[in-house]
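Subject: A structure to look through

Dear colleague,

Here is the structure that I promised to pass on to you.

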Amino acid sequence: MSTYESNTGANVGNLQALTNSITSVASPFRAYLSDLHGKYQSLDEGAIADYIPELALAQPEWFGICVVTAAGQLFDVGNCDQLFTIQSISKAFIFGLALEDHGREYVNSKVSVEPTGEAFNSIVLDEATNRPYNPMVNAGAIATADLIKGNNGTERLKRVLSMFKRYTGRDHDINVPVFLSEKATGFRNRAMAYLMLNFGMVSDNIDETLDLYFQQCSIMVNARDLAMLAATLANGGINPVTQERAIQEQYVQDVVSVMLTCGMYDASGEWTYRVGMPAKSGVGGGITALVPGQLGIGTFSPLLDAKGNSLRGLKVCEDLSKDFGLHIFNVAKGDRDLEDWTAGRHQIDDW
Ligand code: GLN
């Protein structure tokens, strides 16, 4: 299976994108990614998330890397068909939907955009305003999920799932055992929701909102989907393969800025310093990262570091950033020119 179409069953309907994805199979950039994959496959430090038994079923060797350019070229290596739960990566995109539902000012009155420097599940609210710190920590994500419109839980979930479909170009399912386990064991998240209810930060629809939050975390994706999510943001909110708009253009910068400042849990500062790409990770082992205007990266490897970020994913993004000069604040040229490499103007022996 080589093209985006055959891999995902998406109705591409765009000859240029299809041709691009066919040519990308044999490209030097894909060979480069293949080398990266080989370089980090043997890295077997870290641990698989096991706070619920379903997540512990992941295999430590699973490892997929996918890059999608803003022009719709797709390069994938390793386990890019393996499904896993999106977990916290969903938070960035739900934030975008909440902004579309209510606008910037109202959303910001319920959730701030300040990094916490604390773990994603910390029970801490801004003392002056009682708002959760940002949409990427659990408290802020629950407050954000509360804002998703719909007449009932099913309708709200449907809106969430169709949003993800607009980004990735394909249908997504919920992993029901993961959802039910999160729901059965998520006392800490429940406590945060009630604390926020106490301060008037969320509606009293707590059970429905928590269900939605646990369901959004249980959406199944693969590394290719994560690259498409990021590439769509990189492309101003339009999926570069299907050409469908996933989010209003005006809100792309909101989502992307919070990804940059808060997306990698309490390692966001170091990530921005080293890698310099807006990104979001999840305890399922995924990372989605983007270079605005250029490309989206999706990585999957379930071995996590102490802060909950995928170890191999971190390494891959760091190498890509360094080798191609992709750090968003970089003003020097990278060793390799991305446009040359993705266009196939370089051979693998050139480096
Ligand atoms: N569902 C998880 C939780 O709420 C999300 C964790 C994550 O990916 N950081 O604890």
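Two strands are said to pair if DSSP finds at least two bridges between them, and helices (H or I, at least four residues) and strands (E, at least two) are DSSP runs that are numbered from the N terminus. Please keep in mind that this is a predicted model, in which local features need pLDDT of at least 70 and side-chain atom pairs count only at pLDDT 80 or more, while totals for chains, interfaces and linings use all residues. Residues are numbered from 1 along each chain as its sequence is written.

I begin with the strands. Strand E6 (residues 286-291) and strand E7 (residues 295-300) pair in the antiparallel sense over six bridges, and within this pairing valine 291 stands opposite leucine 295 of E7. The two strands form a hairpin with three residues between them, and glycine 293 in that turn has a positive phi of about 80 degrees. Strand E5 (residues 279-281) also pairs with E6 in the antiparallel sense, over three bridges, and here alanine 279 has alanine 289 as its bridge partner in E6. E5 and E6 form a hairpin too, with four residues between them, and glycine 285 in the turn has a positive phi of about 110 degrees.

How many residues of E6 are buried? A residue counts as buried if 20 or more other C-beta atoms lie within 10 Å of its own, as exposed if 12 or fewer do, and as partly exposed in between, with C-beta atoms placed from the backbone. By that rule six of the six residues of E6 are buried; Gly286, Thr288 and Leu290 point one way from the strand, whereas Ile287, Ala289 and Val291 point the other way.

Next comes the nonpolar core, meaning a set of buried Ala, Val, Leu, Ile, Met, Phe, Trp, Tyr and Cys residues joined through C-beta atoms within 7 Å. The largest one has 97 residues, and those with the most contacts inside it are Ile142, Ala227, Ala230, Leu290 and Cys317. Helix H11 (residues 223-234) gives the most to this core, with nine residues. In soluble globular proteins, nonpolar side chains tend to be buried together. If two residues are taken to be in contact when their C-beta atoms, placed from the backbone, lie within 7 Å, then cysteine 317, leaving aside its neighbours within four places in sequence, is in contact with Val275, Met277, Ala279, Ile287, Ala289, Ile297 and Thr299.

The domain assignment, whose bounds come from an automatic or database source, gives domain 1 (4-86 + 220-350) and domain 2 (90-217). Their contact takes 34 residues from domain 1 and 33 residues from domain 2, and on the side of domain 1 that touches domain 2 the largest share, seven residues, comes from helix H12 (249-262). The C-alpha centres of the two domains lie 24 Å apart.

Helix H6 (residues 138-146) holds alanine 143, and nine of the nine residues of this helix are buried. Those buried residues pack against helix H4 (89-102), helix H5 (104-110), helix H9 (187-198) and helix H10 (206-217). Why does alanine 143 count as buried? Alanine 143 counts as buried because 28 other C-beta atoms lie within 10 Å. Not counting residues up to four places away in sequence, alanine 143 touches Lys110, Val111, Pro132, Met196, Met201 and Val202.

Finally, two backbone angles deserve a look. Most residues other than glycine have a negative phi, and most peptide bonds are trans. Glutamine 87, however, has a positive phi near 50 degrees, and its place is in the loop between strand E3 (84-85) and H4. Tyrosine 265 has a positive phi of about 55 degrees although it is not a glycine, and this residue lies in the loop between H12 and helix H13 (268-274). Tyrosine 265 counts as buried because it has 25 C-beta neighbours inside 10 Å.

With best wishes
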